[in-house]
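Dear colleague,

Please find below the sequence and the structure that I am handing over to you. My findings follow directly after them.

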Amino acid sequence: MAGSGSGAAGIAGCAPAAGAQNPRSIAEVVRMVNTLEKPLELPCFLAHLTGPLQMTAALSTVSAQPAFARRSPRIFVFLDPLVFTVVPEGSGRYLLEFGERRGDARSLKAEIVFPVTGELAPEAPFEHIVFSEQNSTCAFCHDAETRAPDVPFARAFESLALRPPDEALVSLDELRSEVQLCDAGSDPYRCAMLHALFDREDVVEREFPETYGAL
């Protein structure tokens, strides 16, 4: 189903939301999640994103959200200054991971686990990745982690932002073919994830900032 709006109507059990606007920060994601009908599955949240999307995909195996197959890569969605990532299958398929840009080379990290069954507190995305009082789980891959002074209500951390190596990239044309090949009868969740992102009028290939470090 192609269209200029969201693909919510094409996801089973996902009610379209009137007047939805794409979030541009982690705080705005929380507000958006809290306005949508519960329980809220991740494909339904993605389907509520409106208009064309800028995306990059990569075969990313070194991550808390790994993608081990080209048919289901890690997908980066750019809603500047917010970048979030999803994978259509595997151990991280229920996670929405965030990097909210801070300057040229750093980002604020957070994560939401789906399905969401109730209202999210503002601190919930930050608290979920806390490893200790000094570090988040993101510190295992992202260097130079520090507390985020602009998020006083939570144990929030920022660190170096990373981009996948060129040899790991998967083209959006390749992913579009996966949408067409997907069998919703045998692989319903993966298909719902792909359709939620690609059932719209346009999807644009996006490059990472050159100031981001390489994985």
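Strands, as the word is used in this message, are DSSP runs of E with at least two residues, and they are numbered from the N terminus. In those terms, Pro-81 sits in the loop between β2 and β3. Please note that this is a predicted model.

**Backbone**

The peptide bond between Asp-80 and Pro-81 is cis, with omega at about 5°. A cis peptide bond also joins Lys-38 to Pro-39, where omega is about -5°. Pro-39 belongs to the loop between α1 (26-35) and α2 (42-47). Ala-144 is a residue other than glycine with a positive phi, near 60°. Its place is the loop between α3 (124-127) and β6 (146-147). Ala-144 has a relative accessible area of 45% and is therefore partly exposed, since that class runs between 20% and 50%. As background to these entries, most residues other than glycine have a negative phi, and most peptide bonds are trans.

**Largest pocket**

The largest pocket holds about 460 Å³ of space. Its lining consists of 26 residues, and those nearest the centre are Arg-74, Glu-97, Phe-98, Lys-109 and His-142. Two or more lining residues come from each of β2 (74-79), β3 (82-86), β4 (95-102) and β5 (106-113). The greatest contribution is that of β5, with four residues.

**Salt bridges**

The model contains 14 salt bridges. One of them pairs Arg-71 with Asp-187, at 3.0 Å from N to O. This pair links distant parts of the chain, 116 residues apart: Arg-71 is in the loop between β1 (53-58) and β2, and Asp-187 is in the loop between α4 (172-181) and α5 (188-198). Arg-71 and Asp-187 also belong to a network of salt bridges that includes Glu-89, Glu-178 and Arg-190. Arg-71 has a relative accessible area of 33%, so this residue is classed as partly exposed.

Within helix α4, Arg-176 and Asp-173 lie three residues apart, about one turn of the helix. Their side chains form a salt bridge in which the closest N and O atoms are 2.6 Å apart. Which of the two is exposed and which is partly exposed? Arg-176 has 30% relative accessibility and so counts as partly exposed, whereas Asp-173, at 56%, counts as exposed.

A further salt bridge, at 3.0 Å from N to O, joins Arg-102 and Glu-100. Both of these residues are buried.

Arg-102 is part of strand β4. Arg-102 counts as buried because its relative accessible area is 19%, and the class requires a value under 20%. Residues up to four places away in sequence aside, Arg-102 touches Ser-107, Leu-108, Asp-150 and Glu-158. Arg-102 and Ser-159, 57 residues apart in sequence, have C-alpha atoms 8.9 Å apart.

Leu-59 is located in the loop between β1 and β2. With 30% relative accessibility, Leu-59 is classed as partly exposed. The C-alpha atoms of Leu-59 and Arg-93 are separated by 14 Å, and the two residues are 34 residues apart along the chain.

In soluble globular proteins, nonpolar side chains tend to be buried together. In this model the largest nonpolar core has 49 residues, among which Phe-45 and Leu-46 touch the most other members. The element that gives the most to this core is α5, with seven residues. Apart from this core lies another, of seven residues, including Ala-58, Phe-76, Val-83 and Phe-208. Neighbours within four places in sequence aside, Leu-46 is in contact with Phe-84, Val-86, Met-193, Ala-196, Leu-197 and Arg-200.

With kind regards

Methods
Residues are numbered from 1 along each chain as its sequence is written. This is a predicted model: local features need pLDDT of at least 70, side-chain atom pairs count only at pLDDT 80 or more; totals for chains, interfaces and linings use all residues. Side-chain values use heavy atoms; hydrogens and water are left out. On a 1 Å grid over the protein atoms alone, a cavity is a set of points where a 1.4 Å probe fits but cannot get out, and a pocket is an open set with protein on both sides within 12 Å along at least five of seven lines; lining residues have an atom within 4 Å of a point. Grid points are joined across faces, edges and corners, and a volume is the space filled by probe spheres set on the points. A salt bridge is a side-chain nitrogen of Lys or Arg within 4 Å of a carboxyl oxygen of Asp or Glu. Buried means under 20% relative accessible area, exposed over 50%, partly exposed in between (1.4 Å probe, protein chains only). A nonpolar core is a set of buried Ala, Val, Leu, Ile, Met, Phe, Trp, Tyr and Cys residues joined through side-chain atoms within 4.5 Å. Contact means heavy atoms within 4.5 Å.
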